Structure formats: C-alpha cells, structure tokens
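Could you take a look at this one with me? Here are my notes, written for someone opening the structure for the first time.

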Amino acid sequence: MVEQNPHRPGRNFTSRTSPAVPPIYLSTTFELDDASYEDIQGTGGLHATWYSRFNNPTVDAAGAEVARLHGATGSMMTSSGMAAISTTLVTLLRAGDTVVAAKQVYGDTDDLLVRDLPGLGINVIRVDAFDNAAWAAAVDKHQPHVLYGETMSNPALRLLDIPAVAKLAHGVGAKLVIDNTFATPYCTRPLQLGADVVVESATKFLGGHSDVIAGAVTFDDDKLGEEIQRRLITFGGCLDAHAAYLAWRGMRTFNVRLAEGCRSAAAVAEAMVAEPGVKHVRYPGRDDHPDAGALVKTVMPDARGAMLGLVLEGGDERALEVLRKLKVGLEATSLGGVETLASVPFNSSHFNMTQQQRRDAGIPDGLIRLSVGLEGAETLADDLRQAMG
Ligand SMILES: *Cc1c(COP(=O)(O)O)cnc(C)c1O
C-alpha cells in the first residue's frame with residue numbers, strides 16, 4: 001500500500017480554518033491542478049498560484065490591500081520601492097524610447113535615470129517637476145513614451161500637477177508613472193487624477209513601522225499590469241511572504257495612522273511658525289506653501305500629508321545641531337514610520353550635491369526634514385523647542 005507522502009503536509013491544511021489574518025505562505029510551490037495548467041497555457045501562469053515568484057497568497061493579500069487603498073483594479077507587491085520603479089520603467093521603455101522625468105526625484109531613482117536607463121539606450125529628458133510649461137515643451141519636442149514624477153517631491157515638498165501632466169502624456173500616447181510614496185493614497189490617488197501607473201515604496205507609510213522593505217505597483221489597466229508583472233517575474237523582484245505579511249499588517253492601520261500623522265504634522269507646522277530661530281515652515285497645508293491654492297486642493301484634496309520641512313536660521317550646521325538634540329524624534333533617514341524621523345538633506349539624502357546645487361534645486365540651507373509619527377503634536381513641538389533652546 002502506498003501511503004500519503006509525509007512531505008506533502010500542505011494537503012492537510014486546505015480550507016479547514018478561516019483565520020482572521022492571512023497565513024504566511026512560505027511554500028515556494030503549490031500542487032498543480034487543471035486550473036493552474038490552463039492558466040500556464042493561457043497566460044504563462046500570471047494568475048495561477050503555482051510558484052511563489054509568480055503569485056503567492058500572502059503577497060497577493062498585501063497587493064489587494066494597496067489596490068483597495070487606491071481604489072484601483074490591481075496592485076502587485078515588489079521586493080522594494082526601487083524594484084517597483086525600475087521594473088515599471090524598464091517594462092514601458094525600450095532602447096530608442098524617451099522618458100521625460102522630473103528633476104526632483106528620490107536619489108536612487110535619479111541614479112536610475114542618470115546612469116542605468118541611458119546605458120540601455122533610453123533617452124532621458126529632465127524638467128522641473130512644478131514647471132508645467134517645461135513639461136509641455138519637453139513632451140512636444142521629444143514625443144516621449146513615458147512621463148515620470150513624484151506627487152510630492154523630497155525635500156522641498158512641491159506638488160506635481162498630475163492632471164495637467166497626465167493630459168500632456170496622453171496627448172502623445174505616453175504613460176504617466178507617478179511615485180506616490182510621500183503623499184500616500186490617504187492624501188492622493190494618482191490613478192484618479194489621470195496617472196497610468198503608481199509606484200510606491202511600501203517601506204514608508206504603507207508598511208508604516210520601519211520594519212519591512214517592500215514596494216508596490218498599482219494600476220487600473222489590467223493589460224498594462226500584466227506587462228509589468230511579466231517583467232517582475234523575469235527580473236525577480238518579487239516580495240517574500242514574511243515581508244508581505246508585515247506590509248499587510250502595517251496597512252491594517254493605514255488610515256488611522258495617516259489621519260493622526262497628517263493632523264499632527266499640520267499642528268507641529270502651526271506651532272513652529274512663530275518659534276524664534278525658525279525661518280520658514282514648509283508644509284503643503286499652509287497658505288505660504290508655493291503650491292497653495294488650486295493645485296494643493298486638486299492633488300491633496302482632504303489631507304496634506306505627514307511630511308514637514310523646518311528651515312532654521314543659522315544654516316545646515318545649526319540644523320544638524322538641533323537634530324542631534326532631539327529626544328523624541330529619531331535622527332534617521334527614511335520616513336513613514338510610527339516614530340517621528342528627522343534628517344537634514346545636506347549630509348544624508350542630498351549629500352552628493354554641492355551647497356549651490358542644493359540651493360538651485362530649491363533645498364534651502366538649514367532645512368530639517370520631519371516625517372511626523374504618532375507621538376502627538378504637543379510632544380513633538382516641545383521636543384523641537386527644547387532642541388532649539
Ligand atoms: C524610499 C523611497 C523609494 C525607494 O523605496 P525602497 O523601498 O527603499 O526601495 C522611492 N521613492 C521614494 C519617494 C522614496 O521615499
């Protein structure tokens with residue numbers, strides 16, 4: 001008599017329970033059946049759960065959560081935000097194609113645009129993110145295949161006019177790809193403003209606990225989603241099931257975390273305006289923000305994010321001195337955690353620029369970047385006061 005193979009314990013677990021949270025499926029492979037064979041024949045196995053680099057139930061649970069937050073048709077998780085960005089761009093661009101991209105983008109995205117894409121024979125044209133006329137001129141002149149920008153750029157917190165840039169893209173049959181990491185779907189749902197693909201670092205606000213590196217690619221056009229998924233499979237930037245669980249777990253509290261973070265950031269901004277030694281407060285909810293008015297209302301209709309910039313008198317050295325004295329805020333790069341994270345661009349995110357280059361890029365001397373966490377606005381304002389005092 002042939003006994004059930006003891007190495008197939010998974011069989012004993014099929015649908016016997018109904019857990020409140022998704023199980024962490026560590027299995028790399030799944031028993032094939034008629035439906036999976038059919039999908040392999042039909043789509044190359046894009047939908048079947050048969051091998052975890054293609055699909056995995058825990059990873060899919062996290063992707064479904066991102067899609068829900070965006071009100072989108074689909075979202076696929078990636079091993080990092082950079083995997084989401086690089087896979088998407090290399091899917092949509094071929095040698096000889098052109099991408100028009102904002103100058104103000106995340107540092108490693110900049111590297112991708114400056115070094116990697118040109119090496120693949122892709123033309124890269126750069127424009128100021130907030131200069132609609134420059135976008136229009138570049139699109140007209142270069143007839144690009146892709147336009148790329150960030151909803152809210154780091155660290156100046158300027159907004160991209162997504163509806164206007166989407167219109168320019170679609171006028172020449174190009175796709176608009178938006179990195180929505182800073183704004184998050186709590187404040188901005190770029191697909192609903194005309195973007196074709198949203199890329200995000202789930203390491204930041206989506207995951208929300210500074211404990212997982214992950215990314216997401218979100219779309220409404222299934223065909224476009226499948227093209228990107230196909231490249232994700234060949235490039236191998238899939239998310240691990242443990243990491244996917246952490247991302248899923250973080251997203252369970254996304255709305256309450258962001259509601260509190262945005263409220264708190266607005267209150268800290270307000271509290272710091274009149275503080276001696278503070279030259280300027282940069283927050284998209286304030287009237288003196290350069291994009292205040294129609295643009296803020298379109299791009300961030302209900303909430304203005306949990307990122308905040310403080311420009312101190314005394315320049316970068318003073319900013320660093322204050323940063324070092326924080327007792328609540330953590331002196332660390334990254335953003336979007338439950339803890340407040342504070343950094344100065346000149347020696348971290350933008351260290352590779354000269355002071356003049358930073359000034360030209362709209363990054364003032366003495367800027368502290370704050371990712372406002374859940375400690376409470378009064379606690380944070382007190383912490384900043386004692387550090388400046
Ligand atoms: C962090 C970040 C990324 C990269 O994400 P990783 O998860 O670190 O790969 C991309 N874009 C923006 C705006 C980011 O803040």
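The points below go from the ligand to the sheets and then to some single residues.

1. Before anything else: this is a predicted model, in which local features need pLDDT of at least 70, side-chain atom pairs count only at pLDDT 80 or more, and totals for chains, interfaces and linings use all residues. Numbering starts from 1 along each chain as its sequence is written, and side-chain values use heavy atoms, with hydrogens and water left out.

2. Start with the ligand. It has 13 residues around it, and the closest are Gly81, Asp179, Ser201, Thr203 and Lys204; a residue is near the ligand if one of its heavy atoms lies within 4 Å of it. By type, the shell splits into 6 nonpolar, 5 polar and 2 charged residues. Helix α3 (residues 81-92) gives the largest share of the shell, 3 residues. Helices (H or I, at least four residues) and strands (E, at least two) are DSSP runs, numbered from the N terminus.

3. Which atoms sit close to the ligand's oxygen atoms? An N or O atom in the side chain of Thr203 is 2.6 Å from a ligand oxygen, and one in the side chain of Ser201 is 2.8 Å from a ligand oxygen. Met82 takes part through its backbone, with an N or O atom 2.9 Å from an oxygen of the ligand. The protein covers 93% of the 380 Å² of accessible area that the ligand has on its own (Shrake-Rupley method, 1.4 Å probe).

4. Next, the sheet with 7 strands. It is open and mixed, in the order β1-β7-β6-β5-β4-β2-β3; two strands pair if DSSP finds at least two bridges between them. β1 (74-78) and β3 (123-127) are at the edges with a single partner strand each, so one side of each has no neighbour in the sheet. On average, neighbouring strands are turned by 20° against each other, direction ignored (the axes are lines fitted to C-alpha atoms). β1 runs antiparallel to β7 (residues 215-219), joined by 5 bridges, and Gly74 has Phe219 in β7 as its bridge partner.

5. There is also an open, mixed sheet of 5 strands, ordered β8-β9-β12-β11-β10. Here β8 (278-282) and β10 are the edge strands, pairing on one side only. Antiparallel β9 (residues 307-312) and β12 (residues 367-371) are joined by 5 bridges, with Leu310 opposite Ile368 in β12.

6. Check the loop between β4 (146-150) and α6 (162-171), where Pro155 is found. The peptide bond from Asn154 to Pro155 is cis, with omega near -5°. Leu157 is in this loop too, and has a positive phi near 55° without being a glycine. Is Leu157 buried or exposed? Leu157 is buried, at 1% relative accessible area (buried is under 20%, exposed over 50%, partly exposed in between, with a 1.4 Å probe and protein chains only).

7. Ser334, in the loop between β10 (330-331) and β11 (341-343), is not a glycine but has a positive phi of about 75°. Ser334 is partly exposed, with a relative accessible area of 25%.

8. Last, Cys187 in helix α7 (residues 184-187). Cys187 counts as buried at 5% relative accessibility. Cys187 and Met300 are 113 residues apart in sequence, with their C-alpha atoms 5.1 Å apart in space.

Key:
A polar contact is a pair of N or O atoms within 3.5 Å; within protein, one must be able to donate a hydrogen and the other to accept it, and residues adjacent in sequence count only if both atoms are side-chain atoms. Ala, Val, Leu, Ile, Met, Phe, Trp, Tyr, Cys and Pro count as nonpolar, Asp, Glu, Lys and Arg as charged, and the others, Gly among them, as polar. Axes are lines fitted to C-alpha atoms, for helices over the stretch in contact, and angles run from 0 to 180 degrees between N-to-C directions.
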